[in-house]
Each structure stands twice: as structure tokens, then as C-alpha cells.
Amino acid sequence: MGEEFNETYITLGGFEGMENYRYLYFTLLLTLCILSICSNAIIVYIIWAHQNLHESMYIFIAALSVNSLLVSINIYPKLLIDFLSEKQTVSYSVCLLQYFLYYCLGIVDLLLLAAMAFDRYVSICKPLVYPNIMTNRTVVVVLVFAWFMPASQLSVSTVLSAKQKVCHFVIKGFFCTNSIFKLHCVNSKVISVFGLVSCMFILGICPVFFVLFTYARILFIVYKSSNDVRQKAAETCLPHLLVLLCFTALGTYDVVFARFDDNFPKIVHLIMTLQVVLYNPLFNPIIYGFKMKEIFKHLKKLFGCT
């Protein structure tokens, strides 16, 4: 029975020693789950319900909120169950699925931020051709690309990992990330090279540099422009930059964690897990809800604050 268990299930080691506080963590996590689902759903509803928000920038924000809802569905239910369970285990196949969705949705976030950066660049720096470039067809193509490409790339590494023999059965974390590769009996060079070139460089580093380059161009151009143009640029670009900054910090941690997780104390795992469950599901709607004037105006109307 133990052998069969070891062949099928993985233990999530991040929960070790937290039994005395399980109900506190469960209550906190449940509150965050409800807040994240409600806040993102409200953002999507506001953009869908108001015709004046049917523009490319707001459609991309709605797409980010939908993506955040999917992140919540991927992370929160299993975490909530594990905090109330005597044993925190997960089957290897479910672990692979969670790994796939976690990184797929993370890269979708990054590609959407890149699309929003390009949208802001065209809107601020080339306003005369903006309607011709950012058409409805362009937005649809970008959205399809942002969700299809990460899924197609990550499916390769996921399938390859599913064929690997597992010799280790404990993950030092609260859910399945790229630390699953340390479970394999032999490190696969094919998976490592493919992940480094395809997922990390093409879908990770390149979009980050594209976003930074785009906003650098925007700042360079608006620096020579009028105060009105500078104010418009600040209002629309600052939220995107804040989200990108947090995303980059989380991505950096994830890479470092995969390499040195054995050297991290448990409190670091807990803090970073809280950041993961806070950043995407909650940080995005808060930033865009309060920093984007049009969305904030409709939020106040919705809650009767006008």
C-alpha cells in the first residue's frame, strides 16, 4: 500500500508544522478567495456593461480579470481543502495539471501586459493611426494568441514530465510549481532546454523587455510633450507598470525558489505563497479599480458612492 501510495501521490511539505493554526489560515484564505472572485467579477461586469469601456485597453483589463479568476480556481480550492486535511497529498497527474495551469495563466498575464503596453504606446505616441491599428480584429487576435501560445508551449513540458519516472515524493511548498522537476529520478535535459528556451526566454523574458522598451519609448516621447499628454500617460501607464513590477518580483522568486528551495526557511515559503494568492487575484482588480478613472467612476456608481 505504501509503495502504491509513493507511486501515485505527492506530499506537499509546506504544511508541515502548521496544524495548530490551520483554522486561522483557512479563514484568512477563504476571505481572500471570496474577495478575489468578487473583485475580479465586478471589474469584468463593469467593463462588459458599459459601452464607453468597450475599448482595447479596458478589454485587456477585463481579460486580466478573467485570467485572475482562473488563477483563483486553480489555487484556492486545493489550498482550502489542504488546510483542513490531516494529510496534504496530491496525485502526480493533478500536480502536473496545477503546474500547467499555474505557469500557463502566469504567462498569459505577462503577454496581456505586453499587449497593453503596445496599446498605450500606439494611443499616446501615434494617436492618429490608433483606430486603424487597434481594431476589434486585432484585439481578438491578441487575446487568442495570449491564451493559446502558453498552453501549446507548456503542454509539451507537461507531457514530457508525465512520462518521467518519479523517485521523490515530497514538494517543499503549498502547491505544485516547477519544483515538480525535482521529483524525477533523472533530470531531463530535453525538458530543461525546452523550458529555458521556449517558456522562459520566448514567453517570459522577451515580453518583459518588450514592455520595458515600450514604456521607455512612451516616457521619452511624453517628456517632450504637453502637461495634458504627460498626465494622460501617467494615469494609464502607472497601473500597468505597478502590476509588471509585482509580476517580475514573483517571477524572480519562482526561478530562485526552484533552484534553492531546500535552503529557504518555512516562513519564506508561507510569505511567498501569500504573495502568489494575493498578487494576481487581488492586486490586479485593486490597482485597475482605483487607478483607472473610468472604472473607478463606475465602481462608485455601482456601490452608490456618487
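**Salt bridges and a nonpolar surface patch**

Val129 lies in the loop between α4 (92-125) and α5 (130-133), where helices (H or I, at least four residues) and strands (E, at least two) are DSSP runs numbered from the N terminus. This is a predicted model, in which local features need pLDDT of at least 70 and side-chain atom pairs count only at pLDDT 80 or more, while totals for chains, interfaces and linings use all residues. Residues are numbered from 1 along each chain as its sequence is written, and side-chain values use heavy atoms, with hydrogens and water left out.

Val129 counts as partly exposed because its relative accessibility is 35%, the classes being buried under 20% relative accessible area, exposed over 50% and partly exposed in between (1.4 Å probe, protein chains only). Together with Phe118, Leu128, Ile133 and Phe210, Val129 makes a nonpolar surface patch of about 440 Å²; such patches are made of residues with over 30% relative accessible area and no salt bridge, nonpolar side chains (Val, Leu, Ile, Met, Phe, Trp, Tyr) being joined within 5 Å and like charges within 9 Å. Accessible areas come from the Shrake-Rupley method with a 1.4 Å probe, and for residues only the protein chains shown count as cover.

The whole structure holds 3 salt bridges, each defined as a side-chain nitrogen of Lys or Arg within 4 Å of a carboxyl oxygen of Asp or Glu. In one of them, Glu86 pairs with Arg22, with 3.6 Å between the closest N and O atoms. This pair links distant parts of the chain, 64 residues apart, with Glu86 in the loop between α3 (56-84) and β2 (89-91) and Arg22 in helix α2 (residues 22-49). Glu86 is exposed at 68% relative accessibility, whereas Arg22 is buried at 10%.

Asp82 forms a salt bridge with Lys78, the closest N and O atoms lying 2.6 Å apart, and about one helical turn separates these residues because they are 4 residues apart in helix α3. Asp119 and Arg120 also meet in a salt bridge, at 2.7 Å from N to O; Asp119 is buried at 0% relative accessibility, and Arg120 is buried at 5%.
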